[in-house]
Amino acid sequence: MTSDQILATLRKRIFDGDLGGGTPLDQEQLANEFGVDGLPVNDALKRLEGEGLVRQDPQKGTVVLVHTIDDVIEMLDIRIGLETRALKLSIPNLRHAHIAEAEAILATYDEANSPSSWAYLNLKFHLTLYRPANRPRLLRMIEDLALGTQRYTRIHISDMLGRDRPQHDHYAILHAARIGDVDLAVRLLEDHITQTQQALLASRKRSD
């Protein structure tokens, strides 16, 4: 099993809640489970740390990270800065093939019924729009942040926002990008992410 496969398996377990916050991830045990030596496991754990999903604890070693809602709100602020910049750079380079790919993702999103599918398709849609910016480091930072916040937003707000409201935003952003209206697309994207922040805050108030 490769480090990519181990990474995908562990990431899914974290997103699905099978590995909750604070759970230790023992490298030797994982190597035995996956039938590999320690190198691919170590690489996968380092990449999970880069995605903001695990951290190093002096006593426990690698553990699944626990973020507060305030942490996630701040991470979403950073995403607004990075993603609006990526979209601004990308729109002048958008071609028909990019638009068609984004439309196909949204069509699949329309038929998806599970929050985990929504999260996956949401990220895929946004990265498809940003890729023509030709800023691979910027896109990697966006992807890492998105993956780091995804399990929290899915847990706290999937039931609150559902599928239709975010999808409405996606179609509006795509339309603005298609007609080349950079200012409108950027404003819609910022509102889209801010809406997630507001839903998180509302979720915390409901649980207080």
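Is the crossing of helices α1 and α2 left-handed or right-handed? In this predicted model, the crossing of α1 and α2 is right-handed, where a crossing is called left-handed if the near helix is turned anticlockwise from the far one by less than a right angle, and right-handed if clockwise.

Residues are numbered from 1 along each chain as its sequence is written, and the side-chain values rest on heavy atoms, with hydrogens and water left out. Because the model is predicted, local features are reported at a pLDDT of at least 70 and side-chain atom pairs count only at pLDDT 80 or more, whereas totals for chains, interfaces and linings use all residues. The mean pLDDT of the chain (the predictor's confidence in each residue, from 0 to 100) is 89, and 94% of the residues reach 70 or more. Confidence is highest in helix α5 (residues 96–111), at a mean of 96, and lowest in helix α7 (residues 136–161), at 76; helices (H or I, at least four residues) and strands (E, at least two) are DSSP runs, numbered from the N terminus.

The axes of helix α1 (residues 3–15) and helix α2 (residues 27–34) come within 12 Å and cross at roughly 110 degrees, an axis being a line fitted to C-alpha atoms, for helices over the stretch in contact, and angles running from 0 to 180 degrees between N-to-C directions. The two helices are therefore roughly perpendicular, given that angles of 65 to 115 degrees count as roughly perpendicular, those under 35 as roughly parallel, those over 145 as roughly antiparallel and the rest as oblique. In this pair, Ile6, Thr9, Leu10 and Arg13 of α1 meet Leu30, Glu33 and Phe34 of α2, contact being defined as heavy atoms within 4.5 Å. The residues of this contact divide into 4 nonpolar, 1 polar and 2 charged, where Ala, Val, Leu, Ile, Met, Phe, Trp, Tyr, Cys and Pro count as nonpolar, Asp, Glu, Lys and Arg as charged, and the others, Gly among them, as polar.

Helix α2 also holds Gln29, which is exposed, with a relative accessible area of 59% (buried means under 20%, exposed over 50% and partly exposed in between, with a 1.4 Å probe and protein chains only). The C-alpha atoms of Gln29 and Val41, which are 12 residues apart along the chain, are separated by 9.8 Å. In strand β1 (residues 54–57) lies Arg55, which counts as partly exposed at 35% relative accessibility and which, leaving aside its neighbours within four places in sequence, is in contact with Gly61, Thr62, Val63 and Leu65.

The axes of α5 and α6 come within 9 Å and cross at roughly 170 degrees, so that α5 is roughly antiparallel to α6. Among the residues making this contact are His98, Glu101 and Ala102 of α5 and Trp118, Leu121 and Asn122 of α6, and by class the contact has 8 nonpolar, 4 polar and 2 charged residues. In the loop between α6 (115–130) and α7 is found Asn134, which has a positive phi of about 60 degrees although it is not a glycine, and which counts as exposed at 54% relative accessibility.

Helix α9 (residues 182–207) contains Leu189, which counts as buried at 0% relative accessibility. Leaving aside its neighbours within four places in sequence, Leu189 is in contact with Glu83, Thr84, Leu87, His126, Tyr130 and Ile173, while the C-alpha atoms of Leu189 and His170, 19 residues apart along the chain, are separated by 8.4 Å.
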